[in-house]
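Reader: I am new to reading protein structures, and I would like to learn how to look at helices and strands step by step. Could we go through this one together?

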Amino acid sequence: MKKFNNKVWLSSPTMHGKEIEYIKEAYESNWMSTVGENIDKIEKSVCEMVGCKYAVALSSGTSTLHLAVKLAGVKPGDKVICSDMTFDATVNPVVYEGGVPVFVDTEYDTWNMDPKALEEAFLLYPEIKVVVLVHLYGTPGKIDEIKAICDKHNAILIEDAAESLGATYKGIQTGTFGDYSAISFNGNKIITGSSGGMFLTDNEEAANKVRKWSTQSRENAPWYQHEELGYNYRMSNVIAGVVRGQLPYLEEHISQKKVIYERYKEGLKDLPVQMNPYDGTKSEPNFWLSCMIIDKEAMCKQVRSETEAIYISEKGKSCPTEILETLAKYNAEGRPIWKPMHMQPIYRMNPFITKSGNGRAKTNAYIEGSTIDVGMDIFDRGLCLPSDNKMTEEEQDKIIEIIKECFQ
């Protein structure tokens, strides 16, 4: 089997032509900074698409989450509950404000925050008043249960919908369930601006505060007057032009991503693997990334250090390392599942809560047994497959054959 002539990407930007027209419009009108028609248009469009009252275009999903954490009132030393299996951009903004992330384990049904573990976290830390929830890989979490628990404990819910623009839960768009929500337009997202993010809320006062903070907190004075800390977080009118050209194609991108997911599901059905799951009775993902997890009994030996991994090939079995390395040899890009935050060196001393309570130091040298750690298990056995919506059917068929060969 020959390698791909052109690299098959995990998820790359898909341009349509209108983007360059709006960039040119910003250039020719000389509105190149953080004000302009492109910004106004995308804020209005996203509100209409998602179903929220207010949207503020910012420089990144991370800056959006940072201002959401600040709005939630997190102060130095405050503990904040966070999804464990995610990218660290979800968690770092908590630390920017001096907060202490408390990581809540994942559940197998959606690969998102486990409501049972969330309840355990509140039992252990009843003082917590902020929860940061992620919808991983574009799949909504168990929102009803999580919101009910947050309401029970009077906790503010920050919704990290960076990966899930266009996904719905009970017919309602993600990005509308949090008190404050964030979406991302990073280069590989389902809608891109090359960078950028957006703050979403139904609270006018919160939206106005974010606008102020994101433009260096300028007061209403004829000179530059500042009474509180501000940030250079506003999106530029040029970046907004790219987003403006992309937004009309959201449903088309989702539909293309879903076809890729379904084709993998059908093509891999005879292997001892499962696709990343979702509850089809309640939610419709945006299928941003198609992922798979290998059955435990079909895993060959795999060992990972902090920066390297090795495996022992075994007939009829495979592992993420073997599949990812093999895909790379054929010029296709896959990726490991997000390494859970409680396993990261920077956060290794932070609390980690499972559905059984404290997830740290639960094993015993003198008693046989193990601890429950769903996120670590998914990380060990899972991987993200090439999910680029420009990938041809022939290219995907070849990727499926490459994966099958890894199990032979």
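Predicted model: local features only at pLDDT ≥ 70, side-chain atom pairs only at ≥ 80, totals over all residues.

Reader: How many of the ten residues of helix α8 are buried?

Author: Nine of the ten residues in α8, which spans residues 237-246, are buried, and the helix is therefore described as mostly covered, where buried means under 20% relative accessible area. Among the buried residues are Asn237, Ile239, Ala240 and Arg244.

Reader: Which other helix is largely enclosed by the rest of the structure?

Author: Helix α3 (residues 61-71) is such a case, because ten of its eleven residues are buried. The buried residues include Gly61, Ser63, His66 and Lys70, and what covers them includes the strands β1 (54-58), β5 (156-160), β8 (180-184) and β9 (197-201) as well as the helices α4 (92-96) and α7 (204-214). After α3 comes glycine 73, which has a positive phi, near 85 degrees.

Reader: What describes the way in which two helices pack?

Author: Two numbers are used, namely the angle between the axes of the packed helices and the distance between those axes. Here, helix α5 (residues 115-124) packs with helix α6 (residues 143-152) at an angle of about 15 degrees, and their axes are 9 Å apart. That angle makes α5 roughly parallel to α6, and the crossing of the two is right-handed.

Reader: Which residues of α5 and α6 meet?

Author: From α5 come Pro115, Leu118, Glu119 and Phe122, and they meet Glu145, Ile146, Ile149 and Lys152 of α6. By kind, the residues of this contact between α5 and α6 are five nonpolar, no polar and three charged.

Reader: At what angle do α9 and α12 cross?

Author: The axes of α9 and helix α12 (residues 393-406) cross at roughly 35 degrees and come within 10 Å, and this crossing is right-handed. The contact is made by Ile260, Arg263, Tyr264 and Gly267 on the α9 side, while the residues from α12 include Glu393, Gln396, Ile400 and Lys404. In the contact of α9 with α12 there are four nonpolar, two polar and four charged residues.

Reader: What joins the strands of a sheet, and in which directions can they pair?

Author: Strands of a sheet pair through backbone hydrogen bonds, and the pairing is either parallel or antiparallel. Strand β12 (residues 291-294) and strand β18 (residues 382-384) are joined by three bridges, and methionine 292 has leucine 383 in β18 as its bridge partner.

Reader: Where is parallel pairing found with β4?

Author: Strand β2 (residues 79-83) runs parallel to β4 and is joined to it by two bridges, with isoleucine 81 partnered by valine 131. β4 also pairs with β5 in the parallel sense, over five bridges, and there valine 130 stands opposite isoleucine 156. Because five of the five residues of β4 (residues 130-134) are buried, the strand is largely enclosed by the rest of the structure. Val130, Val132 and Val134 point one way from β4, whereas Val131 and Leu133 point the other way.

Key
Residues numbered from 1 in each chain as written. Heavy atoms only, no water. Axes fitted to C-alpha atoms, helices over the stretch in contact; angles between N-to-C directions. Helix = DSSP H or I, 4+ residues; strand = E, 2+ residues; numbered from the N terminus. Parallel < 35°, antiparallel > 145°, perpendicular 65-115°, else oblique. Left-handed = near helix turned anticlockwise from the far one by under 90°. Contact = heavy atoms within 4.5 Å. Nonpolar A, V, L, I, M, F, W, Y, C, P; charged D, E, K, R; others polar. Buried < 20%, exposed > 50% of the residue type's maximum accessible area, 1.4 Å probe, protein only. Pairing = 2+ DSSP bridges.
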